[in-house]
Structures are given as C-alpha cells and as structure tokens.
Amino acid sequence: MKVIKRIGFMALTLIIITALGGYIYFDRKFTPEKNYLTVHNESGPIPVKWIGRDKNALLVPIHFSKDTTTYYLQFDTGAAYTEFYSRAIPSLIGMSVRNERAITSFYIGKMKITSKQIKISNTGKPSDKNDLVKIIGTLGADILEDRKTLINFRDNSIVFNLSKEPDEFHNNLIDFQFKKRKIIIQGNLKGKAEKFLYDSGTSAYELLTNKENWESLRLSQSKVMTEKAQSRPNILTTYTTKTNHTIRFKNKKLPLNEVTYVEGFSQTQYMLMKFSGMSGMLGNRIFLNHKIYIDCSKEKMGIE
C-alpha cells in the first residue's frame with residue numbers, strides 16, 4: 001500500500017514539475033527584450049494610410065532628418081518590437097547598422113524616436129524611388145509602452161505619446177492587460193467573459209478565433225470566403241463567414257459582422273494563444289468608425 005502511495009506521489013510530483021517547467025519555458029519565450037526606444041514630444045495628429053480596399057494594413061508616415069522622403073511603417077500592436085526591413089536599409093539616410101541592429105533617429109509628426117538597438121528583419125524589399133508608398137518596417141507595441149495613445153478610426157489619424165487623457169474618455173475607461181507587450185482586452189461574447197488580443201496587424205479582420213468558436217458564431221448556411229494570407233514565415237489559410245453577435249466591453253457594445261478562423265499557425269503562435277488564455281484576436285475592422293484610447297502606463301483604455 002505504501003509503495004502504491006509512493007508511486008502516486010512521485011507521479012503527481014512529476015506532473016507538477018512538468019507543468020511548472022512548461023510555464024517557465026513559455027513565460028520566458030514570450031517575454032520581450034527591454035524597450036530600446038527613447039521618445040520625446042507628443043506626435044500631434046498623424047494621418048494614416050491604408051493598404052488595400054479591405055484596409056489590410058495600417059501605415060504610419062515617418063521622416064528622417066536631412067531626408068525629405070516620406071516613408072511608412074506598418075503599425076502592428078501584435079508585434080512586441082519596432083523593426084526595419086533589411087532590404088530597405090541601404091537606401092536610407094541617417095541610419096547605420098552595428099551588431100545586426102539599426103542605429104537611427106526619426107520623426108512621427110512632432111515625436112522624435114531614437115534608438116541604437118532597433119531590430120532588423122530579413123524581409124521587405126529594396127526601397128525604390130519610384131514606389132508611391134515606401135514601407136520600410138514595422139512600428140510595434142514598444143511605442144505604446146508606458147505611454148498614452150489615441151487611435152481615431154473616424155478620421156484616420158493617430159496621436160502618440162499623449163501628454164494627457166482626452167476629455168471624452170473621462171470616467172469611461174475599462175481595464176486591460178499589457179502583458180508581454182500584448183494588449184489583452186476582456187469582453188463579453190454570447191454571455192461569457194472572454195479575453196481578446198488586439199492585433200492591428202490583422203487589420204482586415206474583425207475576430208480571428210479557433211474553428212470551434214467559429215462554428216458556434218457563424219450564421220448557418222452563410223457563405224465562407226477562403227483566402228491565403230502571409231504571416232511570417234508561414235502561409236495561412238483564412239476562412240471568413242457572417243455572424244450577428246455582439247462583443248460588449250463594459251458599457252460599450254460593438255457589433256460583430258464577420259468571424260474568421262485560420263489554418264497554418266505555427267506551434268509557437270498556437271501556444272501563445274493557449275498560454276495567455278485568449279479566445280481570439282481582434283483586428284482593426286471591428287473598431288472602424290470608433291476611437292480607441294490606450295493608456296499603457298495605467299492599463300486603461302476607452303472605446304468611443
């Protein structure tokens with residue numbers, strides 16, 4: 001009897017150690033490096049540019065000193081870091097590379113950003129003077145950290161590094177988590193509290209979720225639209241269909257018109273969702289015609 005109890009105890013101990021080891025592994029894996037951006041001044045309202053009829057990407061204009069050209073970064077709240085594309089760097093004035101990191105300073109409106117350790121990714125294309133829209137990198141969630149930001153989808157503008165909370169959001173804020181430099185919002189869907197990642201990089205979608213949730217949310221007999229989408233380094237297949245549910249964020253209700261599920265996620269991306277306890281990702285589409293105020297210093301946000 002003592003032997004059986006001892007074996008049971010050893011098995012339980014092994015399960016606990018394995019679970020703890022898994023938690024530590026994924027906690028470290030998804031913990032970003034420190035924030036290497038130094039930011040000065042409020043940007044003022046920045047007009048944004050959309051790519052594609054379905055608003056597939058949200059672009060922010062940037063400028064370098066001694067260079068009159070307007071370049072663009074894709075604003076991606078799902079990315080933990082700001083980065084430049086390696087193939088665009090050789091044509092940029094005012095940028096050098098050391099130890100595979102970019103050393104530069106640039107402006108977004110009146111806001112100046114300086115760093116000696118901006119990440120470089122082996123993607124993008126060489127910057128061509130004939131390109132009408134020169135996309136040279138990604139503006140990640142590190143620009144939001146410890147700062148206030150207003151995304152105004154009504155007039156297609158963003159204000160970074162706000163000095164104070166906008167008046168219209170006084171007494172109208174909800175809590176969110178800025179965990180591992182990810183914006184995780186709690187909302188109510190079908191009478192159940194759910195966690196959602198706000199990922200502006202999945203711009204053209206309203207809600208990306210798993211197939212089980214997708215089946216429960218879709219309208220019966222609704223047409224399914226299938227598309228191939230690039231998500232470095234994988235090619236994903238998306239399945240989008242109609243729904244008529246609502247996501248409620250405290251006292252704000254947002255109609256959900258479409259729901260999407262994805263095949264082709266990497267195991268790491270899948271585990272990130274499971275590890276964080278999230279039900280899905282919200283893209284920009286669900287927030288169109290609204291304003292979002294995000295205060296990462298207090299982990300408060302508002303939707304108007």
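# Exercises on contacts, salt bridges and strand pairing

Leaving out residues within four places of it in sequence, Asn 284 is in contact with Trp 50, Leu 58, Phe 153, Tyr 198, Ser 200, Thr 202, Ser 203 and Tyr 205. The model used in these exercises is predicted.

**Exercise 1.** State where Asn 284 is found and whether Asn 284 counts as buried or exposed.

Solution. 
- Step 1: Locate the residue. Asn 284 sits in the loop that runs between β20 (280-282) and β21 (291-295).
- Step 2: Apply the cut-off. Buried means under 20% relative accessible area. Asn 284 has 0% relative accessibility, so Asn 284 counts as buried.
- Step 3: Look at the surroundings. The residues in contact with Asn 284 include Trp 50, Phe 153 and Tyr 198.

**Exercise 2.** Describe the setting of Asp 155 and find the side chain with which the Asp 155 side chain makes a polar contact.

Solution. 
- Step 1: Asp 155 belongs to the loop between β11 (148-152) and β12 (157-159).
- Step 2: The relative accessible area of Asp 155 is 46%, so Asp 155 is partly exposed.
- Step 3: The polar contact of the Asp 155 side chain is with the side chain of Ser 157, at 2.7 Å.
- Step 4: Compare sequence with space. Pro 47 and Asp 155 are 108 residues apart in sequence, while their C-alpha atoms are 8.2 Å apart.

**Exercise 3.** Give the number of salt bridges in the whole structure, then work through the one between Arg 101 and Glu 33.

Solution. 
- Step 1: Searching the whole structure gives six salt bridges.
- Step 2: In the salt bridge of Arg 101 with Glu 33, the closest N and O atoms are 3.1 Å apart.
- Step 3: Arg 101 lies in strand β8 (residues 101-108) and Glu 33 in the loop between α1 (2-29) and β1 (38-40), so this pair ties together parts 68 residues apart in sequence.
- Step 4: Arg 101 is buried, at a relative accessible area of 16%, whereas Glu 33 is partly exposed at 29%.
- Step 5: A network of salt bridges links Glu 33, Arg 101 and Lys 119.

**Exercise 4.** Determine how strand β15 pairs with β14 and with β20.

Solution. 
- Step 1: Strands β14 (residues 182-189) and β15 (residues 192-198) run antiparallel and are joined by six bridges. Gln 186 stands opposite Lys 195 in β15.
- Step 2: The hairpin of β14 and β15 has two residues between the strands, and Lys 190 in this hairpin takes a positive phi near 55°.
- Step 3: β15 pairs with β20 in the parallel sense, over three bridges. Tyr 198 stands opposite Leu 282 in β20.
- Step 4: Return to Exercise 1. Tyr 198 is also one of the residues in contact with Asn 284.

How values were computed. Residues numbered from 1 in each chain as written. Predicted model: local features only at pLDDT ≥ 70, side-chain atom pairs only at ≥ 80, totals over all residues. Heavy atoms only, no water. Helix = DSSP H or I, 4+ residues; strand = E, 2+ residues; numbered from the N terminus. Buried < 20%, exposed > 50% of the residue type's maximum accessible area, 1.4 Å probe, protein only. Contact = heavy atoms within 4.5 Å. Polar contact = N/O pair within 3.5 Å; in protein donor to acceptor, adjacent residues only side chain to side chain. Salt bridge = Lys/Arg side-chain N within 4 Å of Asp/Glu carboxyl O. Pairing = 2+ DSSP bridges.
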